[in-house]
Amino acid sequence: MALQSSFPTLRVTSWNLLNGRSLVDGSSTRQTLERGLSRFLEEFTPDLLAIQEVDDLQPRSDGIHQTKVIADLMGTEHWHYQPTLFGTPGGEWSTTKQEESPTYGIALISRVEVRRFHIKELGTAPFGAPL
């Protein structure tokens with residue numbers, strides 16, 4: 001028996017961005033990100049997009065704010081980027097905010113109006129990585 005609902009459909013998609021890196025040649029530029037997003041949006045049409053492994057101001061990805069670029073290309077102003085690491089992965093980094101430093105994290109982008117994003121800090125894992 002199929003469930004019926006009077007609510008509209010909300011398409012939710014998760015995407016591991018891999019910091020915008022091309023799986024073909026390993027490049028990570030704005031053009032690579034835009035091409036990848038274009039292909040992604042041809043297959044999926046998310047109303048809510050959850051993204052992991054997002055760069056902000058990282059040298060390896062042309063120093064762009066990847067979340068804002070993706071939100072602009074999706075035609076929405078409803079997004080939130082949450083850094084999880086301050087500095088450069090594989091280099092100097094910290095879990096403590098540093099002014100104007102490159103960051104790496106997660107993001108939500110919504111085509112549906114978002115009045116407020118709530119952040120729940122989970123703290124550190126009881127074990128180290130890599131697992």
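Q: Which side chain does Arg 11 meet in a salt bridge?
A: That would be Asp 47, at 3.0 Å from N to O. A salt bridge here is a side-chain nitrogen of Lys or Arg within 4 Å of a carboxyl oxygen of Asp or Glu. One thing to keep in mind is that this is a predicted model, where local features need pLDDT of at least 70 and side-chain atom pairs count only at pLDDT 80 or more, while totals for chains, interfaces and linings use all residues. Residues are numbered from 1 along each chain as its sequence is written, and side-chain values use heavy atoms, with hydrogens and water left out.

Q: Which parts of the chain does that bridge tie together?
A: Arg 11 sits in the segment before E1 and Asp 47 in the loop between H1 and E2, so the bridge ties together parts that are 36 residues apart in sequence. Those labels are DSSP runs numbered from the N terminus: helices (H or I) of at least four residues and strands (E) of at least two.

Q: Is Asp 47 buried or exposed?
A: Asp 47 is buried, at 11% relative accessibility. Arg 11 is partly exposed, at 39%. Buried means under 20% relative accessible area, exposed over 50% and partly exposed in between, using a 1.4 Å probe and protein chains only.

Q: How many salt bridges are there in the whole structure?
A: Four. Among them is Asp 55 with Arg 60, where the closest N and O atoms are 2.9 Å apart. Asp 55 is buried, at 0% relative accessibility, and Arg 60 is partly exposed, at 29%. Another one joins Lys 68 and Asp 72, at 3.1 Å between the closest N and O atoms.

Q: Where do Lys 68 and Asp 72 lie?
A: Both are in helix H2, four residues apart, which is about one turn of the helix. Lys 68 is partly exposed at 38%, and so is Asp 72 at 44%.

Q: OK, new topic. How many residues are in the largest nonpolar core?
A: It has 17, and Trp 15, Leu 17, Leu 49, Ile 51, Ile 70 and Ile 109 have the most contacts inside it. Helix H1 (30-43), strand E2 (48-56), helix H2 (66-74) and strand E5 (103-110) are the elements that give two or more residues to this core. A nonpolar core is a set of buried Ala, Val, Leu, Ile, Met, Phe, Trp, Tyr and Cys residues joined through side-chain atoms within 4.5 Å.

Q: And which residues is Ile 51 in contact with?
A: Leaving aside neighbours within four places in sequence, Ile 51 touches Trp 15, Leu 17, Ile 70, Ile 106, Ala 107 and Ile 109. Contact means heavy atoms within 4.5 Å.

Q: Trp 15 again! Which residue does Trp 15 form an aromatic pair with?
A: Phe 40, in a stacked pair with 4.4 Å centre to centre and 10° between the planes. Trp 15 is in strand E1 (residues 12-16) and Phe 40 in helix H1, 25 residues apart. Rings of Phe, Tyr and Trp (its six-membered ring) pair if their centres lie within 6.5 Å; planes under 30 degrees apart count as stacked, over 60 as edge-to-face and the rest as tilted.

Q: Which residues form the aromatic cluster?
A: Trp 15, Phe 40 and Phe 44. The rings of Phe 40 and Phe 44 have centres 5.1 Å apart and planes at 40°, so that pair is tilted. Phe 44 is partly exposed, at 34%, while Trp 15 and Phe 40 are buried.
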